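Let's walk through a fold together, one question at a time. Have the viewer open and follow along.

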Amino acid sequence: MYTQLLLALAGASAVIAAPAQSAPSITQVLQYALSLEYLENSFYTGALEKYDTQAFIDSGFPDWVRGRFEQISENEQTHVKFLQGALGASAPQPCNYSFPYTDPKSFVTLSMGIEGVGAAAYLGASKYITDPGTLLAAASILSVEQRQVGWVSSAVLKHQPWDGAFQTPLTINGAYSLAMQFITSCPSSNPPLPVTTFPALTVSETSPQPGSTITISFNNANNVSPTYLAWFNGLEVVFTNIDTNGAAQVPSGLHGTVYVGVVSSDQTPLSDADMVSGLAIMQFPYDSMASETDNQ
Ligand SMILES: *[C@@H]1O[C@H](CO)[C@@H](O)[C@H](O)[C@H]1NC(C)=O
């Protein structure tokens, strides 16, 4: 059992390993974190300006939901100020954003996705934070982001409060590929982030049944072949084949929020060099009676 766990962890850390030469500096990691915090801050501020308590109630939410979102919004503002303070003159400026929600319901659903990416981004980037004090501060923020995800997912949306025993980390490129879709323009004076951008991945279904077939599409400009769909869930990655029509079978045994991306290898360790597309978010909701291997 213990050996298996160690093997799983060894495999998992390899899964998220970026090439050593491209390891970002702590300043770059904090700039990346602040960029994501700006996005979250703008997301919550904008939605709360648009929707008052009555709008939330009209969308079917109890009256305490908006109050908690205000607290989340305040937390994000505090994270922004904290990171701006830590970065001083190296702090980037906010970008312009566009979020595709149209009412409180779609805002809440989107917040689960955005909040989850924020938390997964901190987790994945934590290995680059070599300074203990900075790591502690980042872990402290990460804990709050993850609790916020759990609250939105379970208390508000009545889905699972966690995705299993291990939280899914995202690489910097992976998380940024998801954040990018909401960023319309950034000040040209901003320092460049340590990210490579990938073609967007579209999936035919974002909450498919295990064993069913989905179709994916992305711009394979470099004609990478063969390609595989990598399913990131906790510290594990499951690979499925993609046929010539873009069809891929949905694995079983996935729980909660799962990230998928097209990669050029079906072997771990994977690195960012193996990424062919950006990531997409998939949901495999499971209820309180679900066993570990049962999605139903
Ligand atoms: C953001 O949008 C405003 C209004 O359209 C524009 O004036 C401003 O230049 C934009 N900022 C950036 C950083 O692109």
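The expected span of a helix is 1.5 Å times one less than its number of residues. Helices (H or I, at least four residues) and strands (E, at least two) are DSSP runs, numbered from the N terminus. This is a predicted model, in which local features need pLDDT of at least 70 and side-chain atom pairs count only at pLDDT 80 or more, while totals for chains, interfaces and linings use all residues. Residues are numbered from 1 along each chain as its sequence is written, and side-chain values use heavy atoms, with hydrogens and water left out.

Q: How far apart are the end C-alpha atoms of helix H4?
A: Helix H4 covers residues 64-87, which makes 24 residues. At 1.5 Å a residue they should span 34 Å, and the model agrees, because the end C-alpha atoms are apart by 35 Å.

Q: Which helices are included in what covers the buried residues of H4?
A: Buried means under 20% relative accessible area, exposed over 50%, and partly exposed in between (1.4 Å probe, protein chains only). The buried residues of H4 include Val 65, Phe 69, Ile 72, Glu 76, His 79 and Leu 83. An α-helix has 3.6 residues a turn, so residues three or four places apart point the same way. The cover, counted by contact (heavy atoms within 4.5 Å), includes H2 (26-50), H3 (53-58), H5 (104-125) and H6 (132-156).

Q: Which residue just after H4 takes a positive phi?
A: Helix H4 is made up of residues 64-87. Just after H4, a positive phi of about 55° is taken by Gly 88.

Q: Are H2 and H5 roughly parallel or roughly antiparallel?
A: Axes are lines fitted to C-alpha atoms, for helices over the stretch in contact, and angles run from 0 to 180 degrees between N-to-C directions. H2 and H5 pack at an angle of about 165°, with their axes 11 Å apart. That angle makes the two helices roughly antiparallel. Under the cut-offs, angles under 35 degrees count as roughly parallel, 65 to 115 as roughly perpendicular, the rest as oblique, and over 145 as roughly antiparallel.

Q: What is the handedness of the crossing of H2 and H5?
A: Residues that meet here include Leu 36, Phe 43 and Tyr 44 in H2, and Phe 107, Ile 114 and Tyr 122 in H5. A crossing is right-handed if the near helix is turned clockwise from the far one by less than a right angle, and left-handed if anticlockwise. The crossing of H2 and H5 is left-handed.

Q: Is Ser 153 buried or exposed?
A: Ser 153 has its place in helix H6. Not counting residues up to four places away in sequence, Ser 153 touches Met 112, Lys 158, His 159 and Gln 160. With a relative accessible area of 3%, Ser 153 is buried.

Q: What is the relative accessible area of Thr 168?
A: Thr 168 is in the loop between H6 and helix H7 (172-179). Beyond four places in sequence, the residues Thr 168 touches include Ala 120, Leu 123, Phe 232 and Tyr 259. Thr 168 is buried, and its relative accessible area is 2%.

Q: Which residues make up the covered face of strand S4?
A: In a regular strand the side chains alternate between the two faces of the sheet. The uncovered face of S4 (residues 213-217) has Thr 213, Thr 215 and Ser 217. The covered face has Ile 214 and Ile 216.

Q: Which residue in S7 is the bridge partner of Ile 214?
A: S4 and S7 (residues 247-249) pair in the antiparallel sense over three bridges. Thr 215 stands opposite Ala 247. The bridge partner of Ile 214 is Ala 248.

Q: Which residues is Glu 205 in contact with, leaving aside its neighbours within four places in sequence?
A: Glu 205 is in the loop between S3 and S4. Glu 205 is partly exposed, with a relative accessible area of 38%. Its contacts are Ile 214 and Met 282.

Q: Which residue in S9 does Val 263 stand opposite?
A: Strand S8 (residues 256-263) is mostly covered, as eight of its eight residues are buried. Seven bridges join S8 to S9 (residues 275-284), and the two run antiparallel. In S9, Val 263 stands opposite Met 275.

Notes. Pairing = 2+ DSSP bridges.
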